[in-house]
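Student: I would like to go through this structure with you, one topic at a time. Could we begin with a contact question?

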Amino acid sequence: MSQPIALITGCSSGIGRALADAFISTGYQVWATARKPEDVAALSAAGFVGVQLDVNDADAVASLGERLQRETDGLDVLINNAGYGAMGPLLDGGSEALRRQFETNVFAVIDITRALFPALRKKRGVVVNIGSVSGVLVTPFAGAYCASKAAVHALSDALRLELAPFAIDVMEVQPGAIASSFGNHASREAEQLIQEGSPWWPFRDGIRARATASQDHPTPASDLARDLLAAIQKRKRPRLLRLGNGSRALPLLAALVPKGLLEAVLKRRFGLNRAV
Ligand SMILES: NC(=O)c1ccc[n+]([C@@H]2O[C@H](COP(=O)([O-])OP(=O)(O)OC[C@H]3O[C@@H](n4cnc5c(N)ncnc54)[C@H](OP(=O)(O)O)[C@@H]3O)[C@@H](O)[C@H]2O)c1
């Protein structure tokens, strides 16, 4: 039997790198993508097939699909992992920040899956989309991010139905807090919007707290990678996996706590319980 192949996007750090490590140590050939040349070089040096890919680059995505067709006999696992959190007040970021967020977290998931569909079809592979608990429990100063992940969840459900006739599985992961560079990237995004002229300047502590919230008591990314790998290897794979700190409790809160109470808690947590 030929060596199974997994392709994972966003492997420069965090969850992507942990998944790449887990898959290679189980015997997969791992095509690990990153957008910076130095990250690609480090991945190649570590034994992965390092691929330079900005997931928003349509030509690069198309070339990757063609390369997989040319150089492999098909793709067993695609993990759409690359993403970031466009944190900050919705009206400060406007449709520009929202569009950028959706380009990376949502549209790229569909474009990459479409480009890799012929390779996935050959192996009756599995597509794993990394959503987020933030797509279930919506928080302030993360509206664009929460909306993007809710969209990933809905698209995963539709894809699962549409890919079923081709025997391609679709799994959705909703991580809770996972140790990674996510908080650093989210803080960088938030700082671009934290400006004295903004109506939300008085709430900047709450914005900063939201940007780093995923790194409060996080679960190691290697734990998520281990559990996701085990789930992928099951004969009957789960449709949805909630992994990491808060990944089960927060959706329960969203489902069971009355909305008014939940909003009061969120306002207090992020400093929005006062008028200006
Ligand atoms: N950490 C958490 O608590 C948590 C919770 C729920 C969901 N998630 C999701 O998990 C996934 C991985 O995030 P992480 O926590 O591992 O954070 P991370 O350490 O910041 O990793 C994110 C990865 O995505 C890449 N990326 C971002 N934009 C990209 C683009 N346009 N093209 C290519 N790659 C791009 C980053 O590359 P660069 O290094 O080049 O920026 C990096 O490799 C994301 O989808 C995130 O939303 C994370």
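Student: Which residues does Gly88 touch, leaving aside those up to four places away in sequence?
Tutor: This is a predicted model. In it, Gly88 touches Phe141, Ala142, Leu193 and Ile207, when residues up to four places away in sequence are not counted.

Student: Where is Gly88 placed?
Tutor: Gly88 lies in the loop between β4 (77-80) and α4.

Student: Is Gly88 buried or exposed?
Tutor: Gly88 counts as buried, because its relative accessibility is 5% and the cut-off for buried is under 20%.

Student: What separates the C-alpha atoms of Gly88 and Glu71?
Tutor: A distance of 42 Å separates these C-alpha atoms, and Gly88 and Glu71 are 17 residues apart along the chain.

Student: Staying with Glu71, which side chain does it meet in a salt bridge?
Tutor: The partner of Glu71 is Arg67, with an N to O distance of 3.2 Å. Both belong to helix α3 (residues 58-71), and since they are four residues apart there, about one helical turn separates them.

Student: How accessible are Arg67 and Glu71?
Tutor: Arg67 is partly exposed, with a relative accessible area of 26%. Glu71 is also partly exposed, at 47% relative accessibility.

Student: How many salt bridges does the count come to?
Tutor: The count comes to twelve salt bridges. Among them is the one between Arg226 and Asp223, whose closest N and O atoms are 3.8 Å apart.

Student: Why are Arg226 and Asp223 separated by about one helical turn?
Tutor: They are separated by about one helical turn because they are three residues apart in helix α8. Arg226 is partly exposed at 47% relative accessibility, and Asp223 is partly exposed at 26%.

Student: And Lys36, which side chain does it meet in a salt bridge?
Tutor: Lys36 meets Asp39, at 3.5 Å from N to O. Lys36 counts as partly exposed, with 39% relative accessibility, whereas Asp39 counts as buried, with 18%.

Student: Which residues are linked in a network of salt bridges?
Tutor: Asp73, Asp76 and Lys123 are linked in such a network.

Student: Let us change topic. How many residues does the largest nonpolar core have?
Tutor: The largest nonpolar core has 33 residues. Those with the most contacts inside it are Leu19, Phe23, Ile79, Val128, Leu228 and Ile232.

Student: Which helix gives the largest share of this core?
Tutor: Helix α8 (residues 221-232) gives the largest share of this core, with seven residues.

Student: What does Leu228 touch, again without residues up to four places away in sequence?
Tutor: Leu228 touches Leu19, Ile79, Val128, Ile130, Met171, Val173, Leu241 and Leu243, on that basis.

Student: What of the second core, how many residues does it have?
Tutor: The second core is separate and has 22 residues, including Ile5, Leu68, Leu116 and Val127.

Student: Which residues form a nonpolar patch on the surface?
Tutor: Leu90, Leu91 and Leu98 form a nonpolar patch there, and together they have about 310 Å² of accessible area. Leu90 is found in helix α4 (residues 90-123).

Student: Now the cysteines. How many disulfides does the structure hold?
Tutor: The structure holds zero disulfides. As for cysteines, Cys11 is buried, with a relative accessible area of 1%, and Cys146 is buried as well, with 2%.

Student: One backbone matter. What is the phi of Arg124?
Tutor: Arg124 has a positive phi of about 50°, although it is not a glycine. Arg124 lies in the loop between α4 and β5 (126-130).

Student: Is Arg124 buried or exposed?
Tutor: Arg124 is exposed, with a relative accessible area of 60%.

Student: And what is the phi of Ala167?
Tutor: The phi of Ala167 is near 60°, which is a positive value in a residue other than glycine. Ala167 is placed in the loop between α5 (143-163) and β6 (169-175), and counts as partly exposed at 32% relative accessibility.

Conventions:
Residues are numbered from 1 along each chain as its sequence is written. This is a predicted model: local features need pLDDT of at least 70, side-chain atom pairs count only at pLDDT 80 or more; totals for chains, interfaces and linings use all residues. Side-chain values use heavy atoms; hydrogens and water are left out. A nonpolar core is a set of buried Ala, Val, Leu, Ile, Met, Phe, Trp, Tyr and Cys residues joined through side-chain atoms within 4.5 Å. Buried means under 20% relative accessible area, exposed over 50%, partly exposed in between (1.4 Å probe, protein chains only). Helices (H or I, at least four residues) and strands (E, at least two) are DSSP runs, numbered from the N terminus. Contact means heavy atoms within 4.5 Å. Patches are made of residues with over 30% relative accessible area and no salt bridge: like charges are joined within 9 Å, nonpolar side chains (Val, Leu, Ile, Met, Phe, Trp, Tyr) within 5 Å. Accessible areas come from the Shrake-Rupley method with a 1.4 Å probe; for residues, only the protein chains shown count as cover. A salt bridge is a side-chain nitrogen of Lys or Arg within 4 Å of a carboxyl oxygen of Asp or Glu. A disulfide is a pair of cysteine sulfur atoms within 2.5 Å.
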